[in-house]
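Please look through the sequence and the model shown here, and then follow the explanation below, which moves from a sheet to the helices.

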Amino acid sequence: MMHLRELPTGTRLIVMCFVLAFLPIVVLAATLVLVIAGMNHLGGGWESRMVELWPRTAPIAVHFAIQRMCDIADRPAWSLHEMEEQCRLLEGAGIAVFVRKDGVPEYLSQGADAAQVERAAKARTESDQASLVWTEMGFTYLYRSPSGAEIYAAGDKPLKRQALTAAQREARNQGRWLLYGVFGLAIFVALLLGLLFVRMLTRQVLRPLAAMRRSAAAIEQGDYDVPAVPAGGLAPSDEVGATCRSFDKMRLGLAAARAERERYEKNRKELLAGISHDLRTPLTALKGYASGILDGVARTEEKRTHYVTQIFRSATILEHLVENLFLFSKLDLGRVDFQVTTVDLCAYLEDYVSERAAWYEDQGLALRFSDATEGREPLFVRLDPQEYQRVVENILGNAKKYGGAAPSVDIMLAVQAAGGGRTAVVRFADHGPGVPDAELPRLFESFYRTDKARSETQKGSGLGLAIARGVVTGMGGRIRAEATPGGGLTIVTAWPVHDADDTPQA
């Protein structure tokens with residue numbers, strides 16, 4: 001069952017206006033019914049009680065009594081008992097009543113003459129069916145119903161009030177004030193119910209607006225943690241609720257944008273710190289060796305050759321660092337123009353290992369290749385072979401640089417199909433010192449090293465894996481780091497498999 005709070009705001013406003021318009025009428029009507037029922041319960045009929053309380057209403061009461069008697073007489077079957085109350089009310093107003101049914105007298109006021117009452121009623125009217133004449137000279141009435149009933153009423157003197165004693169006047173006043181109090185209480189109850197209903201509906205409308213106002217004020221102060229949706233939620237069909245939810249989505253978007261901005265600012269500061277640190281060491285070496293030559297410290301040819309060699313190595317380090325920084329900046333800005341083509345990944349990596357394994361072995365890296373695809377089925381992927389080679393070299397170089405004190409580092413390069421053959425997965429697994437699990441997600445951050453002192457610049461700029469991530473994601477792949485079973489680090493790249501729409505390149 002739908003609750004009121006689940007209705008749209010426009011519907012609730014219509015309901016509120018409707019209730020405010022009809023609630024007082026309903027309450028007052030119910031009160032009137034109860035008052036009339038109470039008067040009837042006390043006996044004498046509510047008309048008689050009204051005449052007792054407000055004698056000036058006697059003409060109205062007489063008209064009510066006459067109309068009631070006519071309604072009873074029009075029924076095919078009626079009894080005199082039904083008319084007695086109305087007859088007594090007329091008699092109390094000084095009117096004599098004579099009732100005849102099918103020519104047989106049924107009722108006659110005490111002390112009245114039937115023939116005289118009938119003549120008086122007929123004398124002042126020209127109609128034979130129904131007539132009511134009430135002037136300053138008196139009251140006469142006659143009515144002949146189709147059912148055979150005849151009603152004659154006459155009063156030959158003006159209507160007058162009955163003299164009341166002090167006790168009767170006091171009782172009449174108390175009765176009046178009781179009725180005033182009952183109707184006053186009914187009006188108060190109607191107003192109270194209306195106010196409660198309005199408060200309930202306005203709270204349902206104003207509560208979300210207040211929450212949105214608090215959220216807006218908090219956002220103005222830089223606090224994005226105050227929700228714009230009140231506790232308990234809002235109905236899906238509520239227009240105000242929809243506005244609050246949209247505002248809250250905007251708040252969450254602003255909070256995410258600020259967090260992203262803070263992250264970029266932090267990365268920028270770390271980038272500047274890393275650049276400053278990594279440039280300082282080769283520049284210091286350049287300056288030192290160049291000063292040694294200029295100052296004549298290198299007096300022998302052998303020493304001068306050594307100084308020039310060190311200058312060349314430092315310049316090479318600077319060149320490599322600047323080149324990586326330039327590439328990293330282009331990746332960050334999305335300005336690398338990848339020459340993407342369709343490549344059989346298995347054949348590509350197998351050829352690469354066979355060509356470069358000897359060179360890597362001279363560098364202290366024992367590289368092996370494992371093709372785990374079924375039946376050596378080709379896995380065609382879309383990538384830039386030259387840029388992917390940079391990714392492979394950065395991953396292998398990182399494994400060698402941080403392989404520990406061992407003279408040689410073993411690394412297994414494995415390819416396999418995953419996801420029902422829709423994904424090609426390449427694993428670069430080494431058995432070196434490894435990386436703590438908490439630091440695995442940070443390996444791809446720029447200038448991040450597990451070496452917090454950053455004192456070994458010769459091990460690299462700290463951009464190798466950051467560049468690898470930029471290249472892989474830029475070509476539509478994924479990259480992550482995980483621990484190698486038995487110890488070590490594994491870098492995993494995953495690529496969506498495509499159909500061979502080009503000639504595969506090795």
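In S5, Ala149 is the bridge partner of Lys101, and strand S1 (residues 96-101) pairs with strand S5 (residues 149-155) in the antiparallel sense over six bridges; two strands count as paired if DSSP finds at least two bridges between them. Helices (H or I, at least four residues) and strands (E, at least two) are DSSP runs, numbered from the N terminus. This is a predicted model, in which local features need pLDDT of at least 70 and side-chain atom pairs count only at pLDDT 80 or more, while totals for chains, interfaces and linings use all residues. Residues are numbered from 1 along each chain as its sequence is written, and side-chain values use heavy atoms, with hydrogens and water left out.

The open sheet is formed by five strands in the order S2-S1-S5-S4-S3, with antiparallel pairing. Strand S2 (104-108) and strand S3 (130-135) stand at the edges with a single partner strand each, so one side of each has no neighbour in the sheet.

Helix H4 (residues 81-92) lies across S1, S2 and S5 and runs at about 150° to S1, where axes are lines fitted to C-alpha atoms, for helices over the stretch in contact (heavy atoms within 4.5 Å), and angles run from 0 to 180 degrees between N-to-C directions. Helix H5 (residues 114-123) also packs on the sheet, touching S1, S2, strand S4 (138-144) and S5.

In helix H10, the buried residues (under 20% relative accessible area, with exposed over 50% and partly exposed in between, for a 1.4 Å probe and protein chains only) include Tyr388, Val391 and Ile395.
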